[in-house]
Amino acid sequence: MLAALALVSACGITDSGPAQAGPPAAGLPEQERPADVVHVYFSSPLGLERVSRLERGPNSPQDALNRLREGPDEAERARGLISFVPRNAPAPTVTGQRRGSVDVLVPRGWGTSRTALRQLVCTAADAVGTADGTRIGEAEVRVRRAPGGATDTQRCELNPGSGRGPAPLESNEGAETT
């Protein structure tokens, strides 16, 4: 028995105490939205709905407005999303941008659709927020309908955290669905 005890104690393992293994666990790192995601807003039966689009290279409010003009893709149309933004008219042009605000020139051919204007304002406000951290409802979008025309300052009005606003007041007649 004494011989067995001597064999076990001579196995080469020494008492070295606890080993350093690094800092304690702190949970998962907070994920930020990738820089290549652009959000655009389309109309649905429930109101405006935010859609994410991938954009190559740095994104900007102008990139977002260009994507808005493209309208919903086939999968988005299958989900019931439509756009009141005219696809045959040029995209609005960003003419200035400062922290928390953006200036947008709306080209001729856009008509007077309130829903198209809301889509533009929310898309531009979301892009400003992505660029400088301004909350979407606090970003100012200064809309000018014609060069030299009056400027109308607007904010995106959505239900907080939902990504959706109140149902559009316009009918879907005349909306771009293709």
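This is a predicted model: local features need pLDDT of at least 70, side-chain atom pairs count only at pLDDT 80 or more; totals for chains, interfaces and linings use all residues.
The protein chain contains four helices and six strands. Followed along the sequence, these elements occur in the pattern α-β-β-α-α-β-β-α-β-β. The chain has 178 residues, of which 38% count as buried. Among contacts with a separation of 6 or more, 59% are accounted for by residues 24 or more positions apart.

The largest nonpolar core comprises 30 residues, and the members that touch the most others are L120 and V141. Two or more residues are given to this core by each of β1 (37-44), β2 (47-54), α2 (61-70), β4 (101-105), α4 and β5 (140-144). Helix α4 provides the largest share, with eight residues. The surroundings of V141 can be described in detail. Beyond residues up to four places away in sequence, V141 touches V102, V104, L120, V121, A124, A125, D152, T153 and Q154.

The packing of α2 against α4 has an angle of about 145 degrees, and the two axes lie 8 Å apart. The crossing of these two helices is right-handed. On the α2 side, the contact is formed by P61, A64, L65 and L68, which meet Q119, L120, T123, A124, A127 and V128 of α4. Classified by residue type, this contact has eight nonpolar residues, two polar residues and no charged residues. An α-helix has 3.6 residues a turn, so residues three or four places apart point the same way.

The structure holds one disulfide, which joins C122 to C156 with an S to S distance of 2.0 Å. This pair links distant parts of the chain, since C122 belongs to helix α4 (residues 114-132) and C156 to the segment after β6 (151-154), at a separation of 34 residues. The link of C122 and C156 is right-handed, with 90 degrees about the S-S bond. C122 counts as buried because its relative accessibility is 2%, under the 20% limit. C156 is likewise buried, with a relative accessible area of 5%.

D103 lies in strand β4 and is buried, with a relative accessible area of 16%. Apart from neighbours within four places in sequence, D103 is in contact with T93, V94, T95, G96, R98 and R142. D103 and D152 are separated by 49 residues in sequence and by 9.8 Å in space, C-alpha to C-alpha. T95, one of the residues in contact with D103, is found in strand β3 (residues 93-98). T95 is exposed because its relative accessible area, 54%, is over 50%. With residues up to four places away in sequence left out, T95 touches D103, V104 and L105. In sequence T95 and R144 are 49 residues apart, and their C-alpha atoms are 9.8 Å apart in space.

A further exposed position occurs in a loop. P147 lies in the loop between β5 and β6 and, at 64% relative accessibility, counts as exposed. P147 and L105 are 42 residues apart in sequence, whereas in space they are 7.3 Å apart, C-alpha to C-alpha. L105 is also one of the residues that T95 touches.

Technical notes: Residues are numbered from 1 along each chain as its sequence is written. Side-chain values use heavy atoms; hydrogens and water are left out. A disulfide is a pair of cysteine sulfur atoms within 2.5 Å. Buried means under 20% relative accessible area, exposed over 50%, partly exposed in between (1.4 Å probe, protein chains only). A nonpolar core is a set of buried Ala, Val, Leu, Ile, Met, Phe, Trp, Tyr and Cys residues joined through side-chain atoms within 4.5 Å. Contact means heavy atoms within 4.5 Å. Axes are lines fitted to C-alpha atoms, for helices over the stretch in contact, and angles run from 0 to 180 degrees between N-to-C directions. A crossing is left-handed if the near helix is turned anticlockwise from the far one by less than a right angle, and right-handed if clockwise. Ala, Val, Leu, Ile, Met, Phe, Trp, Tyr, Cys and Pro count as nonpolar, Asp, Glu, Lys and Arg as charged, and the others, Gly among them, as polar.
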